[in-house]
Amino acid sequence: MINSIKILYDPKVDEKEVQAISTVIEEIYQIEVASSTIFKIKKAAYNKKRKQYNGQKLLNELIDEENLEFFFWIIKDDIYVPVMNFVFGLATQFCGAIVSFYRLESLEMKIKESVHECGHILGLGHCTNLCVMQYSHNLQEAIEKPSSLCSECENKIKENKRNFEPNKD
Ligand SMILES: [Zn+2]
Ligand SMILES: [Zn+2]
């Protein structure tokens, strides 16, 4: 069973936006969002040449350090993964995700990308239906995709939440 998700956010992120996002996530995924906590971005993941943070490094450090089960970290700085110029966010399924607000101006877009990354946390892959889980190659595609889940993804979420069993070691 998956009952709740925890939201972390960098102090540079507007708390009101975090509130708005957590409300939408609770509604869409029918899951409790545990009280949000401030978590500062780590300078060690900054790449001076690229003037961006390495998103994978940030995510891995968080997975190791905090030992959180389902977490979602919102930051304001630009992030990349080595093969791409930038990413809006990245996730490890059934674990955690990061979303960067750097390239997202409206609250609507911030919510949409957050909903997308949360879908990954809850085990969804990318979807080719009219669905928030569509992969966006660029900002335009991110703007054009729907902000809600298709019925297939909705059903999968229900199943994943019900069937998830934590590793017992
Ligand atoms: Zn994705
Ligand atoms: Zn879908």
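User: So two strands count as paired once DSSP finds at least two bridges between them. On that basis, which strands form the open sheet, and in what order?

Analyst: This is a predicted model, to begin with. The open sheet has three strands, ordered β3-β4-β6, and its pairing is mixed.

User: Which strands stand at the edges, and why is one side of each left without a neighbour?

Analyst: β3 (46-47) and β6 (79-80) are the edge strands. Each has a single partner strand, so one side of each has no neighbour in the sheet.

User: In what sense do β4 and β6 pair, parallel or antiparallel?

Analyst: Parallel, over two bridges, with β4 covering residues 52-54. As for residues, N54 has Y80 in β6 as its bridge partner.

User: What about β1, is it mostly buried or exposed?

Analyst: β1 (residues 4-9) is mostly covered, with five of its six residues buried. It pairs with β2 (residues 32-38) in the parallel sense, over five bridges. Within that pairing, V33 of β2 is the bridge partner of I5.

User: Switching to helices. At what angle do α1 and α3 cross?

Analyst: Roughly 45°, and their axes come within 10 Å. The helices span residues 15-29 for α1 and residues 107-121 for α3.

User: Left-handed or right-handed?

Analyst: α1 passes α3 in a right-handed crossing.

User: Which residues make the contact?

Analyst: On the α1 side, E17, A20, I21, V24, I25, I28 and Y29; on the α3 side, L107, K110, I111, S114, V115 and C118.

User: How many of those are nonpolar, polar and charged?

Analyst: The contact of α1 with α3 has ten nonpolar residues, one polar and two charged.

User: Last topic, D77. Where does D77 lie?

Analyst: D77 is in the loop between β5 (71-75) and β6.

User: Why does D77 count as partly exposed?

Analyst: Because D77 has 17 C-beta neighbours inside 10 Å, whereas a residue needs 20 or more to be buried and 12 or fewer to be exposed.

User: Which residues is D77 in contact with, leaving aside its neighbours within four places in sequence?

Analyst: D77 is in contact with I41, Y53, S100 and Y102.

User: How many residues apart in sequence are D77 and Y53?

Analyst: They are 24 residues apart in sequence, and 7.3 Å apart in space, C-alpha to C-alpha.

Methods
Residues are numbered from 1 along each chain as its sequence is written. Chains are lettered from A and ligands numbered from 1 in the order in which they are written. This is a predicted model: local features need pLDDT of at least 70, side-chain atom pairs count only at pLDDT 80 or more; totals for chains, interfaces and linings use all residues. Helices (H or I, at least four residues) and strands (E, at least two) are DSSP runs, numbered from the N terminus. Axes are lines fitted to C-alpha atoms, for helices over the stretch in contact, and angles run from 0 to 180 degrees between N-to-C directions. A crossing is left-handed if the near helix is turned anticlockwise from the far one by less than a right angle, and right-handed if clockwise. Two residues are in contact if their C-beta atoms, placed from the backbone, lie within 7 Å. Ala, Val, Leu, Ile, Met, Phe, Trp, Tyr, Cys and Pro count as nonpolar, Asp, Glu, Lys and Arg as charged, and the others, Gly among them, as polar.
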